[in-house]
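Welcome, and please have your viewer ready. This report walks through some helix contacts, a few individual residues and the aromatic pairs, so that you can follow along on screen.

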Amino acid sequence: MSETTEDLYAGSQERNLMGHPIGLAICFLTEMWERFSYYGMRTILVLYLVKYHLYSAGEASMIYGAYAGLVYMMPIIGGYMADRYLGSRKAVTYGAILLVAGHGLMGFHGPASFMDGDTVVRNDLYINIFFLALALIITGVGFLKANISTIVGALYGKNDPRRDGGFSIFYMGINLGSLFSTALVGYVGETYGWNYGFGLAGIGMLFGLLVFLWGQRYLDGRAEPTNPAILKEKSPIGLNKEYTIYLFGLVLVAVSWVLMQYQTFVGSLLGVSGFVMIGIILVYAFTQCDTIERNRIMVACFLIAIQSVFWALFEQQAASLTLLADQQFDLNVLGMNVLASQVQLLNALFIVMLAPVMAWLWVALAKKRIEPSTPGKFGLAMLLIGLGYMVFAWGMGLDDSTNKSFMWLVFIYLSLTVAELCLSPVGLSMVTKLSVTKIVGMMMGTWFLFTALGNYVAGWISSLTGSSAHGADSGQLDIGATISVYNDIGLISIGVGVFILVMTPLLKKGMHGVH
């Protein structure tokens, strides 16, 4: 091995499997099962709210938006707790335990809601249990999500050229979990009962926890707390700090349970929290970092904030696009009846098919010195997703029946997926490369915080597509409003994409050689 190669691999985990650090396999499998549970539950959530508990399309979309927003907000706290105290391994383990409990509780959904005249009658006890289950999942993801990504970053040295490829492999694990769960959980939930679908998602999370516990030996200590002694110190409440953090996690569950019932407040909380965190990071950059580190952090903050626009469009999958599939499209495909929840597997299917192609494409373009920079890829993603929605809206307008061609759904999901591959894997890698070591968990958490804001806005956008009908028809979409909304968000996304591309030369300069 030449000296140059040794320098490139300096700091990386020495034990390898198939050309990458062996710990990547454990992270891959853990995240695959965690995403199996998350996407499995998500794929039937809005349909369950509309069909079983008779929420309107707008109400169901806002519940989904608040839930998805909090799911991606909580990693800012989980990331801090791991950075400052627990270390990634303990944080991921605790998060996985909460997730198993939450998904298990989703299996108890109580009696179906029904109409009494024009009034919807719901069982308050089981609605509260439902919100408690969501709260456990929200907090569990908070402790797991940012920190499993941080572990992946910790397996590679700062200059290791395999890092982007490693994150792409890790990202494929996410989408394999999504692919299997969307097909299985959607089918079980819609065919045999929502509680069986939610229960199956919980079993997947249990597998993820067991895999992570079994695989500790393959992480070579790279996920341990930086200062284990601090966890044994007494906290103000008399417990040691480790158990105090676990108790604090249960307090977060209670807070999430309350917040889920005030969805509008969640949006305000996410917006304010996001920009407060950007402010804290910039203060750190200007007071604790040299010029190069500061410039890199500023570029990272810009890209972290701007990606929320992408997720607001992308996450229509689990909201308005699922309701559209159920109400407006012919789901008989090649003689097979596809369920509305299963349409979401198109995204995961395209990811699994196209991720290796995109990874090869970036390498091929890099060899010719024409690979787009990370900001360039962000701008391209915004253009692709914006154009996708505008063409999809045009296509829906061509047919006023409720049996629109399934190929339009294939088109919009393909657009979403190609755009996603331009932004999401390189985004996770960008955060670990442009951050400084001391705040990498906080930076990763802030990435997910702005993803959270995008998810909440996705629910709000979806709520604009609902009809004004009441009672049994309240779950119906207004197709005219939907087409108008999709045209508007498409134009906004294209505008943001153009803005990023114009800014790209300046952003590249601020990255100081990091690609």
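## Helix packing

The axes of helix 5 (residues 124-154) and helix 8 (residues 241-259) come within 8 Å, crossing at roughly 135°. Please keep in mind that this is a predicted model. At an angle of that kind, helix 5 and helix 8 are oblique to each other, and helix 5 passes helix 8 in a right-handed crossing.

Which residues of helix 5 and helix 8 meet? On the helix 5 side they are Asn128, Phe131, Leu132, Ala135, Leu136, Ile138, Thr139 and Phe143. Their partners in helix 8 are Ile245, Gly249, Leu252, Val253, Ser256 and Trp257. By residue class, the contact of helix 5 with helix 8 holds 10 nonpolar and 4 polar residues, and no charged ones.

Now turn to helix 10 (residues 291-314) and helix 13 (residues 374-397), which pack at an angle of about 25° with their axes 10 Å apart. Angles under 35 degrees count as roughly parallel, so helix 10 is roughly parallel to helix 13. The crossing of helix 10 past helix 13 is left-handed. Helix 10 brings Leu303, Ile306, Gln307, Val309, Phe310, Leu313 and Phe314 to the contact. Helix 13 answers with Thr374, Pro375, Phe378, Ala381, Met382, Ile385 and Tyr389. The residues in this contact of helix 10 with helix 13 divide into 12 nonpolar and 2 polar, with no charged residue.

| Helix pair | Axis separation | Angle | Handedness |
|---|---|---|---|
| Helix 5 and helix 8 | within 8 Å | roughly 135° | right-handed |
| Helix 10 and helix 13 | 10 Å | about 25° | left-handed |

## Residues inside the helices

Thr30 is found in helix 2 (residues 23-51). Is Thr30 buried or exposed? Its relative accessibility is 1%, so Thr30 counts as buried. Leaving aside residues up to four places away in sequence, Thr30 touches Ile148, Gly208, Val211 and Phe212.

Tyr171 sits in helix 6 (residues 163-192). With 6% relative accessibility, Tyr171 also counts as buried. Beyond residues up to four places away in sequence, Tyr171 touches Trp311, Ile351, Glu420, Ser424, Pro425 and Leu428.

Back in helix 10, you will find Arg296. Arg296 touches Leu434, Gly510, Met511, His512 and Val514, again not counting residues up to four places away in sequence. How many residues along the chain separate Arg296 and Val436? They are 140 residues apart, and their C-alpha atoms are separated by 9.1 Å.

## Two loop residues with positive phi

Some backbone angles deserve a look too. Most residues other than glycine have a negative phi. Leu334 has a positive phi of about 50° although it is not a glycine. Leu334 belongs to the loop between strand 5 (332-333) and strand 6 (336-337). At 82% relative accessibility, Leu334 counts as exposed.

Arg369 is not a glycine either, and its phi is positive at about 60°. Where does Arg369 lie? It is in the loop between helix 12 (345-367) and helix 13. Arg369 counts as exposed, with 79% relative accessibility.

## Aromatic pairs

The structure holds 26 aromatic pairs. One of them joins Trp394 and Trp408, whose ring centres are 6.0 Å apart and whose planes stand at 85°, so the pair is edge-to-face. This pair links distant parts of the chain, with Trp394 in helix 13 and Trp408 in helix 14 (residues 406-434), 14 residues apart. Trp394 is exposed, with a relative accessible area of 53%, whereas Trp408 counts as partly exposed at 23% relative accessibility.

To finish, which residues do ring pairs link into a cluster? They are Tyr48, Tyr52, Phe130, Phe131, Trp194 and Phe198.

Note on methods. Residues numbered from 1 in each chain as written. Predicted model: local features only at pLDDT ≥ 70, side-chain atom pairs only at ≥ 80, totals over all residues. Heavy atoms only, no water. Axes fitted to C-alpha atoms, helices over the stretch in contact; angles between N-to-C directions. Helix = DSSP H or I, 4+ residues; strand = E, 2+ residues; numbered from the N terminus. Parallel < 35°, antiparallel > 145°, perpendicular 65-115°, else oblique. Left-handed = near helix turned anticlockwise from the far one by under 90°. Contact = heavy atoms within 4.5 Å. Nonpolar A, V, L, I, M, F, W, Y, C, P; charged D, E, K, R; others polar. Buried < 20%, exposed > 50% of the residue type's maximum accessible area, 1.4 Å probe, protein only. Phe/Tyr/Trp six-rings, centres within 6.5 Å; stacked < 30°, edge-to-face > 60°.
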